[in-house]
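Good morning, and thank you for coming. Please look at the sequence and the structure as I bring them up; I shall then take you through a few parts of the model.

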Protein chains: 2
Amino acid sequence: MNGSGVRGTVTMHDVAARAGVSIKTVSNVVNDYPHIRPATRAKVQAAIDELGYRMNLSARSLRQGRTGIIGLALPELSLPYFAELADSVIRAAEARGVVVLIEQTSADRQHELDVLTSDRRQLTDGLIFSPLELGPDDADALKVDYPLVVLGERIFGGDWDHVTMNNVDAARAATQHLIDQGRRRIAVIGAHAGETMGSAALRVLGYQAALAANGIPFDPDLVVEGGLWHRATGTDCTNRVLDSGVKVDAIFGLNDALALGALHALHAREVSVPDEIAVIGFDDIEDAAYATPTLSSISPGREEIATMAVDLLLARIAGEETPYRRVITDFEVVPRESTAA
Amino acid sequence: MNGSGVRGTVTMHDVAARAGVSIKTVSNVVNDYPHIRPATRAKVQAAIDELGYRMNLSARSLRQGRTGIIGLALPELSLPYFAELADSVIRAAEARGVVVLIEQTSADRQHELDVLTSDRRQLTDGLIFSPLELGPDDADALKVDYPLVVLGERIFGGDWDHVTMNNVDAARAATQHLIDQGRRRIAVIGAHAGETMGSAALRVLGYQAALAANGIPFDPDLVVEGGLWHRATGTDCTNRVLDSGVKVDAIFGLNDALALGALHALHAREVSVPDEIAVIGFDDIEDAAYATPTLSSISPGREEIATMAVDLLLARIAGEETPYRRVITDFEVVPRESTAA
DNA sequence: GGTAGGCTTTACATCGTTGCAAAGATGCGC
DNA sequence: GCGCATCTTTGCAACGATGTAAAGCCTACC
């Protein structure tokens with residue numbers, strides 16, 4: 001029955017008594033302090049094993065001012081891209097000995113602001129933050145006094161590290177891919193009117209750049225507004241643009257959910273993909289490879305984003321004082337059936 | 001500049017000094033102790049606001065023996081069902097003032113065992129555990145000394161609360177739905193040989209029960225083994241059963257990912273769904289509604305599962321001593337195009 | 001044999017908060 | 001106006017760990 005009834009009852013004090021050493025020596029053993037006589041270490045270790053001692057992490061946190069927990073704030077896990085991102089972040093964190101507390105912002109501006117000042121920030125050593133709604137005007141809110149890594153390009157030039165992909169170039173590449181298949185009437189769905197720095201705006205910029213580079217005139221009727229980047233929005237945008245009567249031979253979904261929604265709408269309307277309309281998405285979520293037809297997309301290097309974000313954050317937490325960095329990850333066009341020749 | 005440069009510098013002590021009261025009174029205000037004179041409360045609150053005080057949660061945890069964090073152990077977030085479940089659990093937890101630490105087990109038995117005894121259990125007040133690989137033989141490992149809620153029916157009768165759906169009945173209903181559409185050669189994909197109590201086994205039981213109830217002979221060739229319930233497995237199982245030459249007019253995927261993989265395989269083989277082969281899944285993930293064709297499924301009451309699990313766990317954490325409970329949630333057949341008449 | 005210097009171990013204070021129990025203030029009934 | 005009950009506020013110890021600095025122990029070398 002190794003001495004303890006109630007959970008967490010065994011403390012360093014008990015171990016020390018059992019091993020016949022001071023409590024500090026137990027602490028030293030547990031923390032791999034190098035100057036310990038092997039015999040002592042063995043004694044202590046034996047006591048630890050016999051008593052089933054586990055360190056009280058709250059006490060350690062109090063003493064050290066660190067919790068070993070990092071926060072991850074994202075819109076919601078039901079969006080596959082963010083679920084996959086969270087998966088990668090958790091794995092990267094685990095490999096480095098820290099755990100992840102996830103907070104969902106529901107893509108709500110106030111909720112995103114709240115997350116930055118929430119009580120829970122006391123519980124985490126730092127935050128990886130993927131905002132959707134905050135814009136340049138909110139830069140002040142991001143001036144926080146704890147380590148922060150921001151994902152996505154939305155907000156520039158602040159005192160924090162940044163991990164992002166090159167949205168403009170990636171969108172240009174996606175568009176170019178469609179053009180290479182002979183498409184010229186390319187609708188883009190999920191645009192956000194009035195936005196200048198968000199992913200939506202940047203991706204539309206890339207789209208326009210590709211058109212320009214190929215001498216294709218830009219037709220504003222092909223840019224379809226859409227709020228949240230859910231499948232339902234993609235379906236809706238697609239129906240709207242097709243109902244409007246403009247000619248369309250390809251659709252660029254600003255993310256995969258939108259593009260999958262588009263496939264859904266096209267299927268319902270019995271429009272063949274890619275023969276009549278080609279479709280490409282963005283993010284390369286797992287769904288894309290299993291959609292019918294399989295969906296071409298842009299792979300943003302999710303693993304790399306997650307790993308970089310965790311590494312940057314942990315470096316700040318460890319006290320690194322280097323200038324704030326902006327990391328741009330690689331992307332790749334992943335052609336599949338939905339844009340086949 | 002409200003007095004503090006470094007993060008976390010403001011303590012109750014500072015607030016007390018500023019407000020001219022004792023530190024304990026500050027604590028009382030913060031914790032909504034009822035017997036405080038309004039004037040005192042106001043003074044303290046003002047000091048808190050002026051100094052920007054935030055409670056140190058590590059200290060509170062150390063003192064109270066509670067962290068306000070609950071653990072959620074699941075196979076992986078990239079599986080949409082679990083991402084959606086995590087979403088629901090986080091929302092339910094947030095509504096009750098606690099936060100969620102997610103651990104991924106990768107559907108690996110050793111990893112599932114590790115999670116139960118990990119150091120991180122010191123950091124959480126209790127655990128919601130969704131095992132995939134543990135079986136009845138591992139019941140001992142689940143005899144832990146902290147509050148535990150197990151999701152899924154895999155392991156029976158231990159000292160822990162249980163939230164599950166009725167897998168047998170739900171699978172029977174899914175199969176019956178196919179039979180009602182006139183199908184008689186129903187393949188079931190994703191079975192686990194040798195398993196007796198897992199979701200796979202229970203769902204196959206339900207499948208058999210439905211066949212029996214309708215006087216359809218059971219053909220073992222229609223039960224297709226498959227390990228992890230990923231889309232790729234569904235594709236693979238489907239190809240195997242079709243290549244084997246047995247006649248098939250419907251496929252029951254033991255979860256939606258398998259069924260989506262099946263749709264993918266059928267599309268590639270140019271088999272029309274539902275005309276030649278109808279398909280039904282299980283879990284009703286968001287994908288199902290947007291697949292091509294849209295996928296019929298079983299909705300397991302995910303919200304309800306999450307809410308019940310959180311409530312049961314919090315009750316245990318609060319010290320409830322009632323007998324361990326087994327909660328069975330409702331399910332619903334959601335018919336869509338893939339099984340349309 | 002003595003001592004400098006490195007290796008081990010230790011005592012003590014401390015991190016910020018809350019439970020306890022008691023002290024001080026207030027109000028009510030007679 | 002007094003005494004008792006109730007409301008408010010307080011001081012102190014404790015939660016379990018670690019940093020600091022010093023004490024004890026050895027070894028090696030003169």
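Helices (H or I, at least four residues) and strands (E, at least two) are DSSP runs, numbered from the N terminus. This is a predicted model, in which local features need pLDDT of at least 70 and side-chain atom pairs count only at pLDDT 80 or more, while totals for chains, interfaces and linings use all residues. Residues are numbered from 1 along each chain as its sequence is written, chains are lettered from A and ligands numbered from 1 in the order in which they are written, and side-chain values use heavy atoms, with hydrogens and water left out.

Let me begin with a single residue. B:Thr175 lies in helix α7 (residues 167-180) of chain B. Is B:Thr175 buried or exposed? Its relative accessibility is 0%, so B:Thr175 counts as buried; buried means under 20% relative accessible area, exposed over 50%, and partly exposed in between, with a 1.4 Å probe and protein chains only. Contact means heavy atoms within 4.5 Å. Leaving aside neighbours within four places in sequence, B:Thr175 is in contact with B:Ile186, B:Tyr207, B:Ala210, B:Leu211 and B:Phe252.

I turn next to two further helices of chain B. The expected span of a helix is 1.5 Å times one less than its number of residues. Helix α10 (residues 256-268) of chain B has 13 residues and reaches 18 Å from its first C-alpha to its last, close to the 18 Å expected. Of those 13 residues, 11 are buried, so α10(B) is largely enclosed by the rest of the structure. Among the buried residues are B:Asp256, B:Leu260 and B:His264. At the start of α10(B), a side-chain oxygen of B:Asn255 comes to within 3.1 Å of the backbone nitrogen of B:Ala257. After α10(B) comes B:Glu270, with a positive phi near 60°.

Helix α12 (residues 302-317) of chain B has 16 residues and should span 22 Å, which agrees with the 22 Å between its end C-alpha atoms. Its buried residues include B:Ile305, B:Val310, B:Leu313 and B:Arg316. What covers the buried residues of α12(B)? The cover includes β1 (69-74), α5 (80-95), β3 (126-129), β4 (148-151), β5 (161-165) and β11 (326-329) of chain B. α12(B) is followed by B:Gly319, whose phi is also positive, near 105°.

Now to the salt bridges. A salt bridge is a side-chain nitrogen of Lys or Arg within 4 Å of a carboxyl oxygen of Asp or Glu. By this rule there are 42 salt bridges over all chains.

Three examples come from within chain A. A:Asp87 pairs with A:Arg91, their closest N and O atoms being 2.5 Å apart. These two are 4 residues apart in helix α5 of chain A, which means that about one helical turn separates them. An α-helix has 3.6 residues a turn, so residues three or four places apart point the same way. A:Asp87 is buried, with a relative accessible area of 2%, whereas A:Arg91 is partly exposed at 33%.

A:Asp236 and A:Arg240 form a salt bridge at 2.9 Å between the closest N and O atoms; both lie in helix α9 of chain A, 4 residues apart, about one turn of the helix. Both partners are partly exposed, A:Asp236 at 39% and A:Arg240 at 38%.

A:Arg96 forms a salt bridge with A:Asp311, the closest N and O atoms being 2.5 Å apart. This pair links distant parts of the chain, 215 residues apart: A:Arg96 sits in the loop between α5 and β2 of chain A, and A:Asp311 in helix α12 (residues 302-317) of chain A.

Finally, the interface. How many residues does each chain bring to the contact? Chain A brings 56 and chain B brings 55. The area buried between the chains, that is, the accessible area (1.4 Å probe) that two parts lose on being put together, summed over both, is about 5,100 Å², and carbon and sulfur atoms give 51% of it. Between chain A and chain B there are 10 salt bridges. One salt bridge joins the side chains of A:Glu94 and B:Arg120 (3.7 Å, N to O). On the side of chain A that touches chain B, α5(A) gives the most, with 7 residues. A network of salt bridges also links A:Arg231, A:Glu286, A:Asp287, B:Arg231, B:Glu286 and B:Asp287.

Conventions
Polar contact = N/O pair within 3.5 Å; in protein donor to acceptor, adjacent residues only side chain to side chain.
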